[in-house]
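Here are my notes on the model you asked me to look over. I have kept them as numbered points so that you can check each against the coordinates.

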Amino acid sequence: MIYPEIKPAIELMQQADLRITKQRQDLLHYLNQYQDYYLPVKQVDSYLRQRYARMSYETVYRNIDELAALDIIEKRMFESGLHVKYQCDFKHTQHSHFICQNCGLVVELNEPPMTLFQGQIPEYKIKSQKLEVFGLCPACQAKGIQ
């Protein structure tokens with residue numbers, strides 16, 4: 001069964017000749033449920049290994065790496081370790097985010113024009129950009145987190 005909400009990811013996997021396994025579908029379905037958050041890889045690993053007793057830690061990470069290479073999921077290193085999230089925009093994989101440093105909430109930001117940066121380094125040629133802004137979301141601030 002292919003979950004309808006992960007159809008864009010499945011199409012990218014098919015184009016790349018990556019096998020569409022039940023484990024990969026469940027991984028994407030799980031991440032899609034938390035689309036606005038970076039989840040700790042340990043949490044994702046725990047979820048998958050509860051569902052698939054024979055699935056190894058290495059298999060989970062290999063699948064994450066393969067899906068990240070296709071821009072289906074995003075990886076980010078936090079102080080607490082590696083976190084991942086489902087791609088929020090398959091049409092524009094190069095985009096910017098605000099990321100809450102406490103809960104991992106992600107808010108997509110409008111890209112500043114590349115000319116903003118190009119003017120600062122005119123002798124260089126900028127080919128792409130990815131801007132990430134870190135701080136605390138309103139919910140974490142309301143909890144008194146500093």
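1. In this predicted model, helix α3 (residues 41–51) has as its buried residues Val 41, Val 44, Asp 45, Tyr 47 and Leu 48. These residues lie on the same side of α3, because the arc they cover around the axis is only 165°. The exposed residues Lys 42 and Gln 50 are carried on the face of α3 turned away from that buried side.

2. As for what lies over the buried residues of α3, the cover includes α2 (22–33), β1, α4 and β3.

3. The sheet is an open one, formed by three strands in the order β1-β3-β2 with antiparallel pairing. Its edge strands, β1 (39–40) and β2 (73–78), each pair on one side only. Helix α4 (residues 57–69) packs on this sheet, where it touches β2 and β3, and the direction of α4 makes about 115° with that of β2.

4. Strands β2 and β3 run antiparallel and are joined by six bridges, and Arg 76 has His 83 in β3 as its bridge partner.

5. His 83, which lies in strand β3 (residues 81–86), deserves a separate look. His 83 counts as buried because its relative accessible area is 7%, under the 20% cut-off. Its side chain reaches the backbone oxygen of Gly 81 at 2.9 Å. Leaving aside neighbours within four places in sequence, His 83 is in contact with Tyr 38, Leu 39, Pro 40, Val 41, Glu 74, Lys 75, Arg 76 and Phe 78.

Conventions: Residues are numbered from 1 along each chain as its sequence is written. This is a predicted model: local features need pLDDT of at least 70, side-chain atom pairs count only at pLDDT 80 or more; totals for chains, interfaces and linings use all residues. Side-chain values use heavy atoms; hydrogens and water are left out. Helices (H or I, at least four residues) and strands (E, at least two) are DSSP runs, numbered from the N terminus. Buried means under 20% relative accessible area, exposed over 50%, partly exposed in between (1.4 Å probe, protein chains only). A polar contact is a pair of N or O atoms within 3.5 Å; within protein, one must be able to donate a hydrogen and the other to accept it, and residues adjacent in sequence count only if both atoms are side-chain atoms. Contact means heavy atoms within 4.5 Å. Two strands pair if DSSP finds at least two bridges between them. Axes are lines fitted to C-alpha atoms, for helices over the stretch in contact, and angles run from 0 to 180 degrees between N-to-C directions. The arc is that of the directions from the helix axis to the C-beta atoms.
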